Amino acid sequence: MYESANVSDDADRTAFRRAEKKYKLYYEQDSKFSRKKKLPKPIDLSELLDFNLILQNFNEKGLLPDGIRVSKIDSSRVFCLENRPGFYFIPGALSLEEQCKWIKESLTNFPQPPNRTNHNAIYGPITDLFDSAKENKVLVQDDLTNNKWNFCEEDIAKAKHRSCKSVSTSLLLRKLRWSTLGLQFDWSKRNYDVSLPHNNIPDALCQLAKTHAAIAMPVGEEFRPEAAIVNYFGLGDTLGGHLDDMEADWSKPIVSMSLGCKAIFLLGGKSKEDPPHAMYLRSGDVVLMAGEARECYHGVPRIFTDEENAEIGALESELSHGSGHFIAEYIKTSRININIRQVF
């Protein structure tokens, strides 16, 4: 997608963009293979903050890197960056059981109407996408005049192929990029549309968000979870540097939960010219962004889907038990992020 940059190209980029480019997944050809097998280009990961290692060193030696503070809330260690007030990192905040629960919910229930997904614009509301993908069904456009789509068995879809458009549900599941819970976000207008049909965020997710958000809330106030965006990442997917600036009150935190494959997270400053902190996000980590941190650019330039770096062995094993094999196969090459917000 991108070509090699020369010095002047890099000079024209912002500090945030240079960091995105540095950590993004690029490929190189392996000349040892006759078919020129593509291999990921090696990158220097030595400057990344690894809060798992930081926590380990703190527990063993009581040492912290310069510019990082830690406090204990209940049984969790919460890390802060001195030059990014309002940012909180809680490594391993979610148990393995909780991770499995929210991965399943993100695939089976969260994309269900009236919740909207990136597929709505083309196919309209899609019910039971996950179950249909599991059963190898096909989504078929029944009537070319009114753009109505329905699920059907693969053999029936083949019979209709000449007269109807169709798409496999397994492909649609892999191309699922976002779903919205609670108040629905209108991406075209970049605001929350309270007129759109919606369900409240599930109580268990609300309670989890409130528990973690309490760390960053103004004294005497309680977090009100009113909307959430679920992001789905596959191999090569990224989330460009951006601000979450559509909520009315930036003093209230965004609660962000990481699930699945390990990722790199960039936390910049109030300008894209500010060099960002780069850090690992693992399954079960929770990040809070409140106050001044709400004004900081942030993004995800890379996820690790290879077995060596994804770090989801225990998660795969847990999901594979019982009926979770299909979910385990999905998460082997995927990352899910649930971020919960107070809108008003």
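Contact is taken here to mean heavy atoms within 4.5 Å. The structure described is a predicted model.

In helix 9 (203-213), the buried residues are L205, C206, L208, A209, H212 and A213. Viewed down the helix axis, these buried residues fall within an arc of 165 degrees, so they line one face of helix 9. The elements that cover the buried residues of helix 9 include strand 5 (87-90), helix 4 (96-108) and strand 9 (178-182). Strand 14, strand 17 and strand 19 are also among the covering elements.

The loop between strand 11 (191-192) and helix 9 contains P197. With a relative accessible area of 56%, P197 is exposed, because the cut-off for that class is over 50%. Leaving aside residues up to four places away in sequence, P197 touches P114 and Q184. P197 and R116 are 81 residues apart in sequence, while their C-alpha atoms lie 9.6 Å apart in space.

The largest pocket has a volume of about 550 Å³. Two or more residues of its lining come from each of strand 12 (227-233), strand 13 (239-242), strand 14 (254-260), strand 17 (286-289), strand 18 (298-303) and strand 19 (335-341). By class, 16 of the lining residues are nonpolar, eight are polar and eight are charged.

Methods. Residues are numbered from 1 along each chain as its sequence is written. This is a predicted model: local features need pLDDT of at least 70, side-chain atom pairs count only at pLDDT 80 or more; totals for chains, interfaces and linings use all residues. Side-chain values use heavy atoms; hydrogens and water are left out. On a 1 Å grid over the protein atoms alone, a cavity is a set of points where a 1.4 Å probe fits but cannot get out, and a pocket is an open set with protein on both sides within 12 Å along at least five of seven lines; lining residues have an atom within 4 Å of a point. Grid points are joined across faces, edges and corners, and a volume is the space filled by probe spheres set on the points. Helices (H or I, at least four residues) and strands (E, at least two) are DSSP runs, numbered from the N terminus. Ala, Val, Leu, Ile, Met, Phe, Trp, Tyr, Cys and Pro count as nonpolar, Asp, Glu, Lys and Arg as charged, and the others, Gly among them, as polar. Buried means under 20% relative accessible area, exposed over 50%, partly exposed in between (1.4 Å probe, protein chains only). The arc is that of the directions from the helix axis to the C-beta atoms.
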